[in-house]
Amino acid sequence: MQPITQSHRLRGVRYDVRGPILQEAERLERAGHRILKLNIGNPAPFGFDAPPEIVEAIRAALPHAQGYSASQGIPEAREAVARRYVEEGIADVGPDDVFIGNGVSEMISLVLQALVSPGDEILVPAPDYPLWTAQVTLSGGDAVHYPCDEANGWVPDLARIEELITPRTRGIVLINPNNPTGAVYPAELVRGFAALAERHGLVLLADEIYERILYDGAVHEHAAKHVSETLCLTFSGLSKAQRIAGFRSGWVVASGNRARAADFLEGLTLLANMRMCANVPAQYAIPVALAPEWRDSGIGELCAPGGRLREQRDTAHRLLTAIPGVSCALPGGAMYLFPKLDPEVYPIVDDQAFVIDLLRATRVLVTNGRGFNLPTPDHLRFVSLPEVGVLSEAIGRIAEFLEGVRNG
Ligand code: PLP
């Protein structure tokens, strides 16, 4: 009998955040080792509880959330999302422009399946949140990576992005605040992205899931505020600031020139219909989470001086940059650090193998930079979610490991 093989669409699809490195960590755990996990941006296991009002809204919804909902989502959730964006300066969006999904992840998948034909190109940042590249590839398209400049706080150069546009380019992905770098883009750059998309008639795909996780007075600018001639799709949800990643609650909002995008939106609606609807109880969390009185969801305090997220970011940054040959831009937002290991000091060839060696030696789990489509094998990604004591222990062990590497 023929072997049962995976579809050709999966050729070239990678998602290292949950790949072989995690499998090795799980193997070590089964063998009885305690692993310090600094690999996934999942707030709940690190003791970040959701605001109780949100959990209560889901609990209270259970009796009347037993059936499917409309495919785009329950009206209360779509209205709350639309209202909030209008209040934040995105003109002219209404509930019909909102699609609720099982997290942003599902909406990235549906949007790219609806948009991308074989051979189409989507501009994606390098480094990126790797689901973007994976889903472009799975949809038959080519992810064309535009570089983000580490020397300039990981901000990309718009002129360089423009050079990468070809007749096959359909869209441009903007991840702001960024995973994995933590960069928060200045408003002027966001306006520049919008202008670029408009000039070339590209769909602007704005992943803003970390929009409320901001440090040191950083201000987040919605890309959609600056788009009118082309289509802007804004992605966000409750996994990060509201800390309910496990309930799977996110959305995408279409704004700008929807008339020009009518055919695409029909395709997106078809795909949304085909998967029935998002998890209904979790949709009831959205109006509560976005009501003006809860909108901050306690995240402002966690990110302010003295707040847990802010302290952890500072500790991790201080300890990492104290290691010889390690540099790291200070993240302005999100929950990650993306340090560079100077290749002169640490001549890493295969960063996945390096991270597995590091894991076996230190029992600390981080992710390799190439897992985020960075071209060079000289970065690691850390989550800054563990408590200061755990971060200190983990980075201390890594510092010791790197000392061994330096000493040959
Ligand atoms: N976009 C970015 C930039 C992310 O970092 C993540 C998760 O880490 C997601 C989207 C997916 O989020 P969700 O839990 O809403 O699917």
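These legends walk through a few views of one predicted model, from the whole chain down to single residues. Residues are numbered from 1 along each chain as its sequence is written. Because the model is predicted, local features need pLDDT of at least 70 and side-chain atom pairs count only at pLDDT 80 or more, while totals for chains, interfaces and linings use all residues.

**View 1. The whole protein chain.**
Here you can trace 14 helices and 15 strands; these are DSSP runs numbered from the N terminus, with helices (H or I) of at least four residues and strands (E) of at least two. The C-alpha atoms fill a box of roughly 60 × 60 × 50 Å along the principal axes. As for confidence, the mean pLDDT is 95 and 100% of residues reach 70 or more, where pLDDT is the predictor's confidence in each residue, from 0 to 100. The model scores ipTM 0.99 and pTM 0.96.

**View 2. The annotated span, residues 35-383.**
An unreviewed UniProt entry carries the annotation "domain: Aminotransferase class I/classII large" for these residues; such annotations may be inferred rather than shown by experiment. The end C-alpha atoms of residues 35-383 lie 14 Å apart, and the span is 34% helix and 18% strand.

**View 3. Around the ligand.**
Welcome to the ligand shell, where 13 residues surround the ligand; a residue belongs if its C-beta atom, placed from the backbone, lies within 6 Å. The closest are Gly103, Val104, Ser105, Tyr129 and Ser239. Helix 4 (residues 103-115) gives the largest share of the shell, three residues. By class, the shell has five nonpolar, seven polar and one charged residues.

Val93 is buried, because 22 other C-beta atoms lie within 10 Å. Leaving aside neighbours within four places in sequence, Val93 is in contact with Ala82, Tyr85, Val86, Val253 and Ser255; a contact needs C-beta atoms, placed from the backbone, within 7 Å.

**View 4. Two cis peptide bonds, at Pro127 and Pro177.**
Most residues other than glycine have a negative phi, and most peptide bonds are trans. The bond from Ala126 to Pro127 is cis, with omega near 0 degrees, and Pro127 lies in the loop between strand 3 (121-126) and helix 5 (131-138). Asn176 and Pro177 are also joined by a cis bond, with omega about -10 degrees; Pro177 lies in the loop between strand 6 (169-175) and helix 7 (187-200).

**View 5. Positive phi at Asp216 and Asn373.**
Asp216 is not a glycine, yet its phi is about 55 degrees. Asp216 sits in the loop between strand 7 (203-207) and strand 8 (231-237) and counts as partly exposed, with 15 C-beta neighbours inside 10 Å. Asn373 has a phi near 65 degrees and lies in the loop between strand 14 (367-368) and strand 15 (380-383). Asn373 is buried, with 21 other C-beta atoms within 10 Å.

Methods: Nonpolar A, V, L, I, M, F, W, Y, C, P; charged D, E, K, R; others polar. Buried ≥ 20, exposed ≤ 12 C-beta atoms within 10 Å, placed from the backbone. Contact = placed C-beta atoms within 7 Å.
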